[in-house]
Structures are given as C-alpha cells and as structure tokens.
2 protein chains.
Amino acid sequence: MDTPKGFTAAGIASGIKKNGKMDLGLVMCDKPATAAGVFTKNRVKAACVLLDQKRLAASGTCQAIIVNSGNANCCTGEAGMADAVEMGKAVSAVLEIDEAQVLVASTGVIGQRLPVEKVRKAAPELAGKRAENGFSDFSEAIMTTDTMPKIVTRKGDIDGVAYTVTGIAKGAGMIRPDMATMLCFVCTDIGMSPEDLQAVVAAANEKSFNRITIDGDTSTNDTLLVLASGMSGAHVKTAAHREAFGKVMEEVLVILAKMIIKDGEGATKLVEISVVNAPSDGDAKKIADTVANSNLVKTAFFGEDANWGRIVAAMGRAGVDFAYDRVDIFFNEVRLVENGLYVGPDAEKAASEVLKRPEFTVSLDMKAGPGRAVAWTCDFSLDYVRINADYRS
Amino acid sequence: MDTPKGFTAAGIASGIKKNGKMDLGLVMCDKPATAAGVFTKNRVKAACVLLDQKRLAASGTCQAIIVNSGNANCCTGEAGMADAVEMGKAVSAVLEIDEAQVLVASTGVIGQRLPVEKVRKAAPELAGKRAENGFSDFSEAIMTTDTMPKIVTRKGDIDGVAYTVTGIAKGAGMIRPDMATMLCFVCTDIGMSPEDLQAVVAAANEKSFNRITIDGDTSTNDTLLVLASGMSGAHVKTAAHREAFGKVMEEVLVILAKMIIKDGEGATKLVEISVVNAPSDGDAKKIADTVANSNLVKTAFFGEDANWGRIVAAMGRAGVDFAYDRVDIFFNEVRLVENGLYVGPDAEKAASEVLKRPEFTVSLDMKAGPGRAVAWTCDFSLDYVRINADYRS
C-alpha cells in the first residue's frame, strides 16, 4: 500500500483491553503537519476532545496522534483531563517532539479512569514499532465493537505532482448524522494552509460522516483529524486545486463512512436513503435522516420486508410540510408506491427481492422541488440488541 | 365494573384479522355526547383521522365511535376516505342515528385497502351486542400487537354528585412522545361544554400520552377521543370543577399511558426518566425525551446494566446547554453519579439491583434551575426486533 510521504504509524497491545487485543495506536509525521479537525457536537465532551480543540486552535499543526481504544476517558473530571495530558506527554517524550504538537484520542467505555500508567509503559515500544506500512496495525488498534478495520488510500495530483491520502476510521455504535464522526484519522502529503484544509475537511465531513446513522446516538468522543505533511511536493495554490482535493477528500470520507455503516453493530445491510425533488435540500435532509433513524424502518430492513408504510410514517414525522399524494417510493429500480398509493403485489414481490441484497437504495421522489439529500443507514438486527445488552459485562 | 351512565359498548370478530380474533369495536351514547379529540401530528394522516377532525370541528358532539384493528386505512387515497365514510355509515344505519354523529378509527397495517364489506356485514351483530359491560370486549377488539387490553375506570364528584370516567387504549409500537397518542377512547357521564372538555383533554394528554415512548416512531393514526354524556347529573360549572375533573382525567390517561409502555413491543421493564432542577421545564423535557428514546440506553436497560455513560451521552445530544459537572444520576434511591463523576463499585452494585426490577426510576438532577419533566419508556429487547422484523409476514 502506498502511504503519504512523511508519515509512520504503529499499533500495539498495552493491556487497556482485557482481551489482549491491540489498543494503542500512533501516527507520526516527520515534521509538524498542517492539521484540521472536526469534533463531536455532544454537550458532554471527552477530555481528549477538549484538549485537541485547544491545541489545534493554538497552532493549526500537529506532529503525532496517539489513540487508545477500550476506554473513552469521558466523564472522568479533572483527573481525566490530567490523564489525557499525561498520555500526550508520554508520546512527546519518547518521540522527542514538542508536547503541544501531540493530539490525543480515546474510544471505549464512558466513565472509567484511563489506566494511563499502561500508556506510559507502552510508549517506547509503540514509538519503536513505527513504520510507513504501520497503518494497518494502527487501524486495528483503534477498534472497539468494530469487526473489521477501516482503511482507504486514494491518490490525486496537482499540476502533475502526485499526492496520497490515507484515511483510517473506527466506529460501530453510538453513531448518527449531524455530528462530527466517530474516530477518523486522515494523513496526506499534500501541502496547504490550515484554513484551506479546515474548509475542505468540514465540507467533506458534511457529505460523509454527517450523513450516516447506525443507532441514532451521538458519541462524546467523535473526532476527525486530518494531517497534511506537504512532503509530496503537491501544493494547493488555487481554488481549482482546492476543489479537486476536496473531491478526493470527500471520496475517502464517504468510503470510510460506508465502511462504518456496513460494520454497524449487528448490521447485515447497508441502505442508502435517497430523497429527490424535495421542497429544499434542508427538507430532503430532514426526511432522509428521519427515515434512516426509524427503528421500525430498520427492523423491517432486517426482516427483508418492503414495509413502505413505516417509511411513510417516518417521512410524516420529519417536520416537513409536503403533499403525500405526490410521493413515489422505489427500492432500487422497483417503484412500490406511486403518487402515495401502493402499486401492487408484483411490484412488492420485486421489491422484496431487492431487500434480500446486502446493499440497496430506497429512493423517495417527492415531486415538489429541487431539494435532494442522501443518508446511509443499516438494518436493526437481533445482534444489535445482543451486543448492546452485553457491552459492559 | 361501574361504567359511565349513558354508554354501551361491544367488540366482535368481523374477519379483518386473519387469525379470527376480535377486530371491530363500538361505543355508543344514548344521546349525542360532548366530544373532544387529539390527533396525530404526523404529516401523513389516515382517512379516519381526517374524517374525525372534520366532524368534530363541525359539531363538538358524537354519539358513536366505531373502531377496527388489523388495518390502518392509511395511504389509501380517495378510496380509503370513501371506505372510512362507508364504515361510519354502516353504523349510523343500524343504530338509526345521524351519520355526522359517528366517529371512525382504524389501526393496523398501513397501505392496504380496508375490507369495508366485512364491516358492513358485521354492523348489525356489533350493534346487537352492545351492553353497559361491553367495554372489555371493546378493549380487546382494538388490540394489534398488544398482549393485554388496557382499560381503567375512575370516579369523581362535583358538589357531591358522582361521575365516572372509563378509558380504553391500545398501542404497543410506533409510539413516541410529542404526538397525540395511539388509540384511546374515554367515556364519562360528567357534563361540560365542548370547549372546556377539549381544554381538559389537551392538558391531560400533554402530561400522559405525550410523555411516553416505545420506539421513537409516530403513528399516522393516533387518536384520543373523549365523550361526555352529562347523564350523571354532575356538571362542570366553575374553574375549580374543571381543575378537579382535569386531575381525574390526567390520572386516567397516565394509567393508560403507562399500560401502553408496559405492553410495549418486546418490553420487559417500565422506566420513568425524571429530570429535576433543569434550567427550564422545556430543557428538562428535551433531556427526558432524548434519554427515553436512546436505543443504547434502552438496550442497557434490557441488559440490566447501569450504563450511566450512555445516559450522559444522550443528555449531551439533547440540544440543551448545561454544566455536566453538576449532574447527579440516581437509579431509584441509589446515586451512581455525583457532580458528573462515578460514585464507585458499591453504588454500581446497588444500582444493578434496581435495574433487575420490572419498574424503576432514573432521576437526573441537573442542579441548574427550577425545570422538571418526566418521560416513561421501556427497555429495548430482542423481542422488539423479532416482532418488527416479522410484523407483516
């Protein structure tokens, strides 16, 4: 795998997870990289989120990110903030870099003290294992209820000079739109200003992580961090460059966002909810999100039941004024509802076939205006309940 | 069971439900009763809801209500509206009353034509079975995924003249706060003006059905209808009378609302979410509702896991600005979180015992102001998913 120039990464088991799996990850850049971040909008924020927001605002650069899984270091008060600082300090000491250049992320159970002593002890081993091909280990080390690592690399070029973007994400529960995201880290060797990078990242995030839901819950630790080393020699200088890079960034984030949904707790299906011809984009988004978050719609997906009545009931409570008797509903290419009315048993049979697939699209044509929006969701299965009734035990 | 004077009720099987269970219910008053109603806020409304709203607005009185289960008669277009009218007409003909005095309600699957021919054929038998003690049959006839009928009777008096209130409700899925309710019918022999009755019903509904959630979904058919015959001789004349009657009405509706939650699809626990000392009542309501609707909180209840971190995460996404480091969280009398921090394993052990009970209260003390609110919810179980993955098949 090609990785962006200037970056090394590693993942190891430090003992935070009781099952002995990898739980500590590190990404480092040879020099302070331009950095941008998007964080949870939850009013209750983990210590690492508060620390990163402060550090990012102060410098706009970052040289290393340390991440632990198995413990969210959230709702841990002043002691928890001291632990987050300590975690960064352990890394800056062994890497011999400025402490302010280290960002910190945590994911796992809320409300328990982070065993920071384990991080301190493991830091030398973690730093020693860094390698250009260490991103795979890193992507495993940040997993919690995830069943597979989520990593993607894309290439682009500016005036013929190639650059690389590698993104890594985790997340399988406590996920819904209108937030930052779960944990996601993106490294690229493109060069650009912190302001431009933040703008590109915020826009791409809006079209990717902010369009997904697994269970309607928003984490206290959601963090998306992007580091740009500039070491490819490809530099963003014009609006056209920025736009082209924005498309690459959006592609990377959408792929990761869909990976998160596919790996949603208990999920067996990835479903795209596509609203078209809504009164406005905002209305389309409200409807797409409400349908994507409906437990009844999601359990019907699990049952492979083309239960369009539940989709209609969810549309109706989305807070949008619309004429129901113009609505068409499609499962992939199969129109099951036309102008608000059931098409018939043949269409239902065809729609039921679509529902058996691991991925499909539900399109809602409102014939009311130019608005459109997409949301990605998963089905709601017995295993979702099993996983979440057992999570802490 | 004492029933309110002037009312008779019945329930029979008409063949709408394929399993042969009762599916048609009728309540009749000897004369047109003062009537009030609250209906779903879903943008997509069933034919019966639209018909009832029109008839109630025109007269403020009602002499009979016919209800079918097994078919929602929703998203059925003009044909569905004709079916609803026809259903009322079948009843007015056999009862020999004014067609405009009949209200209609339907509950069941969305999007299929109501077999109104079955209703017409069954109407004479239904009318013939009416009896003062027919409310039990009526309460069974309106059930869908409910596992038990929901009926309650309370008595009050005005200046020594006794009156009776009997309420019947159904509902086990597609239920969340901030709507009218599922189907609920209340008969009383108190006398009062339609305006006073509507005010009392709206206020009591706000404190009962609008405070419950099972799955966060809002039905297209939710209807609460209240008929007052005035035949007890007890008449509401003063504000004090109205207030006293309002308390009786609220008690009846709260009991029925809690019955609905206890019988929530797959539910094993009834949980009260009580928010106190919030910045305002509105803020308290937002937080209570968000916690009550969180799938992660509800699956933790099912797992009997005192997972307060999920409660905190839900509070944080409720759209309320608050100081987390002042929050206390109680499971019944057990304080598990104090000023935002975990109290310790002894408290957790005690809280886990509370979670094993079929009913308990989670109290969130925000120490921020005079605001308070309550929401009632259930746990989220494997059976919820089983029921809803199978519902139509």
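Start by selecting helix 9 (residues 308–316) of chain B, which lies across strand 10, strand 11 (334–338), strand 12 and strand 13 of chain B and runs at about 130° to strand 10 of chain B. Helices (H or I, at least four residues) and strands (E, at least two) are DSSP runs, numbered from the N terminus. Contact means heavy atoms within 4.5 Å; axes are lines fitted to C-alpha atoms, for helices over the stretch in contact, with angles from 0 to 180 degrees between N-to-C directions. You are looking at a predicted model, where local features need pLDDT of at least 70, side-chain atom pairs count only at pLDDT 80 or more, and totals for chains, interfaces and linings use all residues. Residues are numbered from 1 along each chain as its sequence is written, chains are lettered from A and ligands numbered from 1 in the order in which they are written, and side-chain values use heavy atoms, leaving out hydrogens and water.

Next, show the sheet in chain B: 6 strands in the order 12-11-10-13-9-14, open, with mixed pairing. Strands pair if DSSP finds at least two bridges between them. At the edges, strand 12 (341–342) and strand 14 (371–378) of chain B each pair on one side only. Now zoom to strand 10 (residues 328–331) and strand 13 (residues 359–365) of chain B, which run antiparallel and are joined by 4 bridges. Pick F331(B) there, and you will find V362(B) as its bridge partner in strand 13 of chain B.

Helix 6 of chain B is the next selection: this helix lies across strand 9 (270–278), strand 13 and strand 14 of chain B, at about 45° to strand 14 of chain B.

Time for the rings. Over all chains there are 11 aromatic pairs; rings of Phe, Tyr and Trp (its six-membered ring) pair if their centres lie within 6.5 Å, with planes under 30 degrees apart stacked, over 60 edge-to-face and the rest tilted. Select F138(A) and F185(A): the centres are 5.5 Å apart and the planes at 80°, so this pair is edge-to-face. F138(A) sits in helix 4 (residues 135–141) of chain A and F185(A) in strand 7 (residues 183–188) of chain A, so the pair ties together parts 47 residues apart in sequence. F138(A) is buried at 0% relative accessibility, where buried means under 20% relative accessible area, exposed over 50% and partly exposed in between (1.4 Å probe, protein chains only).

Finally, select F380(A), Y384(A), F380(B) and Y384(B), which form one aromatic cluster.
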